[in-house]
Amino acid sequence: MSRRRPASLAAVIALTFASPVAAEKMTLSYPETSKVDLVETQFGEAVADPYRWLENDVRTDKAVADWVAKQNSLTQGYLAQLPQRAWFAQRIKALMDYERFGLPRKAGSHYFYMRNSGLQNQSQLFVRKGLNGVPKLLIDPNAWAKDGATALDAWVPSKNGKLLAYSIQDGGSDWRTIKVLDVTTGKDLVDGIKWAKFTNIAWVGSEGFLYSRFPEPQAGAEFQSLNKNQAIYFHRIGTPQAKDELVYATPDEPELGHSAEVTHDGRWVVITTSKGTDSRYAIHIMPLGKDRKWQAQTVVAGLEHSWNLIDGIGDSLYFVTNKDAPRMKVVRADLKKQGLYRIPCAGSDKPDDVCLEPRPEFTDIIAERPETLDRAQIVGDRLILAYLKDAKSMAEVRSLDGKPVQQIALNAIGTASGFSGEPGDPETFYAFSSFNQPSGIYRFDARTGKSEPFALPKLTFNPDDYAIEQRFYNSKDGTRVPMFVVRRKDVALAGKAVPTLLYGYGGFDISLTPGFSAVRMAWLEAGGAFALANLRGGGEYGKAWHDAGRLNNKQNVFDDFIAAGEYLIAQGITPKTGLTIQGGSNGGLLVGAVVNQRPDLFAAANAAVGVMDMLRFDRFTAGRYWVDDYGYPSKEADWRVLRAYSPYHNIKVGVEYPAMLVTTADTDDRVVPGHSFKYTAALQAAKAGDKPHLIRIETRAGHGSGKPTDKAVAEGADILAFLAQWSGLEVPRSDK
């Protein structure tokens, strides 16, 4: 297929324009939402929560289900009238219709990889015997559910490649079911694991695997109850789950979570323990000898620093850590060289009692540097290091003792991911993508230092038609913040302000880097601009950047985002009436907070699966983990910070708000949909202007992962049509 864009999209003619004036004539009558007289006094302040009943599970509460049905009916009726919707749906679908591959994983002589022919709801898993072998379809999730909403999640082959353990995600939930498949026959074995969540799958030879699970929740509480008492189990192939061996648990500390990895040489189980979302871990190890007793030995005690296992070679373990290195470094733990450390004595009730415990010695291998070390991998006898420099990827190869070997040429602003491999095997694969470039897969030979394409997408547009810039702007307190700006080159050269979609996240040490989205590309094709702001709270510049945007510094994130919008207007990239914003999850909170603080700045907003009630977020499913970034609603100092920006509690009554489209899903058990339900009900009741304030509630979907292609196309078209309608974005009359 041609790599050129259709001619009509390159021209600034033959456009149709549906103005906001026309949309204002669409009469909206919001469904009546019942209020309850519920006021709680917290730290001396009376806090009303009239929509508390909307926290109930939509699957079991008829009143909530009726409210959802009425809201969806109103929203879908409104969106169906938008003239831009059909064009966006057609373009997003066309832009998704290309063959794409996932990163290959080698096990024995087999290569496993995901592939989507274009518009399949779920990607399929294939296997080849040898790099150039004939592809064999191994798992087709598209046959699992009529609506396409049951997805293949994780999959891990045994070391010899003969067995494959894989997890199934249904309806977008975080719960996973794990099954085992015989690679030769393609048939499932009898094995089945339930109630796994936030888990690795770590093979122990080919006899079984380690996984993490929670206790079975009470019936009816699967999607709302708090997740506590995660434990690691060993499942032996061919046995029922009831026979699984408990490997590691901390019943006296039910809020701790645990995950297991096995070094590629099969000598050690490495257990990583955490308490929340912060990268603060404890590390324990267990030897995998013939006389296996699952006895844990401490490598790193406490929950103070990040320790990410790279791999193990014999009695050495390699980690990426931020201990004494906020932007990360590589260290080696020598398990044979032990030092004695003073620790509190186990079982003693006297705080002054100390005991001596052996711990391995650590040696710095790769020192901290100005760029942020994103990840590291041992491939063959080399370390492959992936760095972020101003949120852009760079990669290099070093020897195992840290000496430079070579740079890996990426040659563009984008994101490199992958580089997985193992000691002794010099072959690895990585993906590279950017705003104007879908992910391409490359094979890298660590011995020769050469990369060669493994699978490159065939595009229906020309990436060279788009300009990618990185700019820096000053936030409210003078902090310099990076931002990517993407436009069609003809739009950029014309120097005309165009409707702009600004995206942000700003939390949990997560870095936003350049990547391809068919939805965003459709916005760009229509002539709009896209901007991605690298706000504080993320991980782009290491621990200090994260710390500057969390807890009592959370307002910095909102200030950064508001300043990004002001910069886009001041620089003439977008008109004041054309600035739209979007964010999901913690980014949904971001959108809700900044709209409350600066409703005059934005033309339209999409708050997706957002955390909207900051005083009760820790009471549902995984919400208790988030106290590391948000603080504890039960502590007065934290509560006052949360109360000051909580989207649900700070809606301004009688103030003109931008057009708002809130999006969520009924099976979101990460950020329960009650957050979005309550926020929308309060916004609709606030008489916040004449622009629409709507909620779109997807069915059989969750926080985002596993969403089938047809649902992704429909949701993307709805959101873009809404934002275009209220920002004045012109869309082509046709795609011919």
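Analyst: Start with a cut-off: a residue is called buried when its relative accessible area is under 20%, exposed when over 50%, and partly exposed in between. In this predicted model, the buried residues of helix H4 are Gln84, Trp87, Phe88, Ala89, Arg91, Ile92, Leu95 and Met96.

User: How do you know that the length of H4 agrees with what a helix should span?

Analyst: The expected span is 1.5 Å times one less than the number of residues. H4 covers residues 84–96, which is 13 residues, so it should span 18 Å. Its end C-alpha atoms are 18 Å apart, and the two values agree.

User: What makes H13 largely enclosed by the rest of the structure?

Analyst: Of its 19 residues, 16 are buried, so H13 is largely enclosed. After H13 comes glycine 728, with a positive phi near 80°.

User: Why is alanine 391 called buried?

Analyst: Its relative accessibility is 0%, and buried means under 20%, so alanine 391 counts as buried. Alanine 391 sits in the loop between strand S26 (382–389) and strand S27 (392–399). Its phi is positive, about 70°, although the residue is not a glycine.

User: Which strand holds tryptophan 195, and what is the phi of tryptophan 195?

Analyst: Tryptophan 195 belongs to strand S12, residues 187–196. Its phi is near 65°, a positive value in a residue other than glycine.

User: Why is isoleucine 468 called partly exposed?

Analyst: The relative accessible area of isoleucine 468 is 22%. Beyond its neighbours within four places in sequence, isoleucine 468 is in contact with Ile413, Ser434, Phe435, Asn436, Val485 and Val486; contact here means heavy atoms within 4.5 Å. Alanine 386 is 82 residues from isoleucine 468 in sequence, and their C-alpha atoms are 21 Å apart.

User: What makes glutamate 255 partly exposed, and which residues does glutamate 255 touch?

Analyst: At 31% relative accessibility, glutamate 255 falls in the partly exposed class. Its place is the loop between strand S16 (245–248) and strand S17 (257–262). Not counting residues up to four places away in sequence, glutamate 255 touches Lys228, Ser274, Lys275 and Arg624. From glutamate 255 to alanine 608, 353 residues apart along the chain, the C-alpha separation is 27 Å.

User: How do you know that the radius of gyration of the protein agrees with a compact globule?

Analyst: For 736 residues, a compact globule would have a radius of gyration near 27 Å; the protein has 26 Å, which agrees. The C-alpha trace spans about 75 × 65 × 55 Å along its principal axes. Buried residues account for 57% of the 736 residues.

User: How many helices and strands does the protein have, and how many positive and negative side chains?

Analyst: There are 13 helices and 41 strands. The side chains include 88 positive and 85 negative ones, and the centres of the two sets lie 4 Å apart. Among contacts between residues at least 6 apart in sequence, 60% join residues at least 24 apart.

Note on methods: Residues are numbered from 1 along each chain as its sequence is written. Side-chain values use heavy atoms; hydrogens and water are left out. Helices (H or I, at least four residues) and strands (E, at least two) are DSSP runs, numbered from the N terminus. The radius of gyration is taken over C-alpha atoms; the globule rule is 2.2 Å times the number of residues to the power 0.38. Buried means under 20% relative accessible area, exposed over 50%, partly exposed in between (1.4 Å probe, protein chains only). Lys and Arg count as positive and Asp and Glu as negative; His and the chain ends are not counted. The place of a charge is taken as NZ of Lys, CZ of Arg, CG of Asp or CD of Glu.
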